[in-house]
Amino acid sequence: MVEIIAFLNKISNLTEEEEEDYLQDEIDPLLDSVAPSPCLSTSSTSLPYRRRPRLSALPCPSASPCSVTRPVIMTDLLALPDDALVRVLALLPPRELFRLRLVCRRLRDLSLHPDVWRSVGLSGGDKGLLQAALRLAPCLREVTLLSSYLQAAACTIANTKCVVTNLTLFVRTQLDAAWATAIVLRFSTLGGLREISLDLLGAAPEALPPLLRMVYGVQDLCELTVWILSDTSQLPSFLWSDMEPRPSLTKLKYKGAASDPFLCFLLRTHASTLQHVVLFLADGLPTSLLGSMPRLHSLTCRPTDDLSQLKSLSNLDTLRLMDPEVQDVPCPGTVDFLLQGPRLRHVVFSFEPNCPILGAALLEALAQSPSAPVLESLFLDGVQDSLVAPSLHRFPSLRALALELDAMPSDDFFRAVSPASTPRLATLQLVPHGCPHAWLHDPAVQDVLARNAGLHLRLSGPPTLEDDCACRWCLWRCHRDELRTHAGLQSAFSAHTRRPGCPRDCRRWL
Ligand SMILES: [Zn+2]
Ligand SMILES: [Zn+2]
Ligand SMILES: [Zn+2]
């Protein structure tokens, strides 16, 4: 299998010209030598790739393994049963799949197997590739189309048979909205469309109703993201009143206004199925609609006093409060929700820039709330570590803690992370400052790992290791090569050898 991957990698690394040479140098004799086989039973002259006079034949060094092993590799590849070969093909980039189609009939057919394309995502940025995939591939996981490519894509998509699961459209003008409507119609007709993301920032509200109606009519849609900047609150609600409600959405992300009639229509007609709601709204929360969702268990929004009206959401277990422009003032409604609302297991507070007043009020409320004993994960951005340290012992069930800080956490914070105050803490995520290699050697970091035997330390970022770092650890070169590997700095650093229950990337650091 390793040899097969190497062979495929070889193919995938070729330029177009090299590929032709490679096909001529390697595949031709190979096909001549491996016959008959189900996929090679036709003569090589009938193969569907172009041939051209050889301009220069690269000398093959010595009695070279290449003349012996490469045919064996190809033979091995083609000896795989179809299902195994399909799984190998699914690992290749889409462009290489089209190149492999030139090799033989069997690869031509198998490279269009649905399992090969099921996880492929393409964008309009690579027009030729996307056009080819829409014409030939049976399915795609994701298609992303920018405003500038909507018209060209709409023409191709009008005749496509390719089933797309996740569609993202950027709409900027009235004409864009018309092309986008046609695209949604085609993919909706083919079936299989489960996620739609619409970036409508800048589009005039009067251009949007046909597109929004088309999106609403997609059957069995599970996830919908709508980003609207213009004021759609003035659109008349009768635009949606004749639409047949077919609740299917489990996740809705919406940026607009709480009084937006399309948002209200979505929340009302999908209330029975919605489980995750993300709302960034200019004017509060539609609390009466959110309060009537029996299955809602994850809510993301800005900190707002409206939250005090959602204390009866008994199934809610995840709350994310985030806003880059939030004012640093206590938010009594949110504090009230935390103190008297549902028991939360996962909480995110993410504010920029630092909000000591708001952060202190919310963290204190969380520490005193019924959620504190059952809280399992806590992500804090814009909340000072000096506020976190005294509260940690209030969260005995905490398994994951992430702290985004502009500086190294204080000694008080590191001391507060201990088996006594956080007995179940398995993952601590921090931002490394300076060289991440040197940061991992910091005595405070080493100490927190040594004192917490089950802890895994992860670095936010992703962090990078500079080639010319002159810190004493990099100059000494301890760990340096290991940390430069693909997953090196993204490992889960610990003070133990990997054991059952550990993450796959658990790596002993001490
Ligand atoms: Zn360094
Ligand atoms: Zn080192
Ligand atoms: Zn581990």
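## The nonpolar core

A nonpolar core is a set of buried Ala, Val, Leu, Ile, Met, Phe, Trp, Tyr and Cys residues joined through C-beta atoms within 7 Å. In this predicted model, the largest such core has 114 residues, and the members that touch the most others are L140, L169, V171, A180, V215 and L362. Domain 1 (77-116) and domain 2 (121-296) both contribute residues to this core, so it lies between them.

Leaving aside residues up to four places away in sequence, L169 touches L145, L150, A180, I183 and L198. One of these partners, A180, is also among the core members with the most contacts to other members.

## The chain as a whole

Stepping back, the chain has 22 helices and 16 strands. Its length is 510 residues, of which 32% count as buried. Taking contacts between residues at least 6 apart in sequence, 68% join residues that are at least 24 apart.

Most residues other than glycine have a negative phi.

D220 is not a glycine, yet its phi is positive, at about 60°. You will find D220 in the loop that runs between α11 (209-216) and β5 (223-227). D220 counts as exposed because 12 other C-beta atoms lie within 10 Å, and the cut-off for exposed is 12 or fewer.

R477, also not a glycine, has a positive phi of about 75°. R477 sits in the loop between α21 (472-476) and α22 (480-483). With 9 C-beta neighbours inside 10 Å, R477 is exposed.

Terms used:
Residues are numbered from 1 along each chain as its sequence is written. Chains are lettered from A and ligands numbered from 1 in the order in which they are written. This is a predicted model: local features need pLDDT of at least 70, side-chain atom pairs count only at pLDDT 80 or more; totals for chains, interfaces and linings use all residues. Helices (H or I, at least four residues) and strands (E, at least two) are DSSP runs, numbered from the N terminus. A residue is buried if 20 or more other C-beta atoms lie within 10 Å of its own, exposed if 12 or fewer, and partly exposed in between; C-beta atoms are placed from the backbone. Two residues are in contact if their C-beta atoms, placed from the backbone, lie within 7 Å. Domain bounds come from an automatic or database domain assignment.
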